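Reader: Please present the model, and then let us discuss how its elements are arranged.

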Amino acid sequence: IITKMKEQFEQGDAGDSINGWFNDIMAAWICLAISSVTAVILGYLYLFVVQLLGGYIVWVSFALIWLSLVAGGAYSWYYRDLKYKPEANMYNYLTWTAYGLWILSFVVFFLICCFRHAIKVGIAVFQTTAQYVKANLKIFALPAISYVVIAIWSAGWLWGMLYIFSVGY
């Protein structure tokens with residue numbers, strides 16, 4: 001049936017661009033299906049990791065953000081001395097980049113210190129959510145069911161679209 005619709009579609013006046021899109025989808029359907037299933041599996045794995053590690057993820061994320069800003073400033077400072085002379089424009093750009101990153105790292109550190117209590121409350125909510133998910137594992141079925149419903153809906157919509165385009169004028 002798909003082959004017949006494809007032949008009708010190619011004979012219609014829908015244009016080369018839509019025909020190219022259809023051919024691309026038909027050629028890459030396996031890749032699209034594998035990517036979709038992989039995304040769902042990785043999403044579930046992430047939920048289990050979040051359930052196990054809880055608040056550590058949040059604090060490690062903040063620490064990595066701060067360290068990245070400090071290290072970026074240090075690298076800019078080191079790289080400007082390594083590659084450029086003080087008269088070069090790039091030397092000045094890298095100097096100001098380093099200063100900017102260090103100032104930003106100070107601001108981030110200050111904000112983390114100021115909002116420490118709010119972050120702890122957020123982590124508590126996060127851990128409560130993880131406990132709820134652990135107690136109600138049937139909630140994991142909801143995304144899977146939604147995924148199947150959306151896939152069926154999309155397939156029906158694609159079928160109807162191809163049928164309409166294959167009619168021509």
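Predicted model: local features only at pLDDT ≥ 70, side-chain atom pairs only at ≥ 80, totals over all residues.

Author: Residues are numbered from 1 along each chain as its sequence is written, and side-chain values use heavy atoms, with hydrogens and water left out.

Reader: How many helices and strands are there in the chain?

Author: Helices (H or I, at least four residues) and strands (E, at least two) are DSSP runs, numbered from the N terminus. On that basis the chain has seven helices and zero strands.

Reader: Is helix 4 parallel or oblique to helix 6?

Author: The axes, which are lines fitted to C-alpha atoms over the stretch in contact, with angles from 0 to 180 degrees between N-to-C directions, come within 9 Å and cross at roughly 140 degrees for helix 4 (residues 56–83) and helix 6 (residues 116–135). Angles under 35 degrees count as roughly parallel, over 145 as roughly antiparallel, 65 to 115 as roughly perpendicular and the rest as oblique. Helix 4 is therefore, relative to helix 6, oblique.

Reader: Is R80 buried or exposed?

Author: R80 lies in helix 4. Buried means under 20% relative accessible area, exposed over 50% and partly exposed in between (1.4 Å probe, protein chains only). Because its relative accessibility is 6%, R80 counts as buried.

Reader: With which side chain does the side chain of R80 make a polar contact?

Author: Leaving aside neighbours within four places in sequence, R80 is in contact (heavy atoms within 4.5 Å) with Y91, L94 and T95. A polar contact is a pair of N or O atoms within 3.5 Å; within protein, one must be able to donate a hydrogen and the other to accept it, and residues adjacent in sequence count only if both atoms are side-chain atoms. At 3.0 Å, the side chain that meets this definition with R80 is that of Y91.
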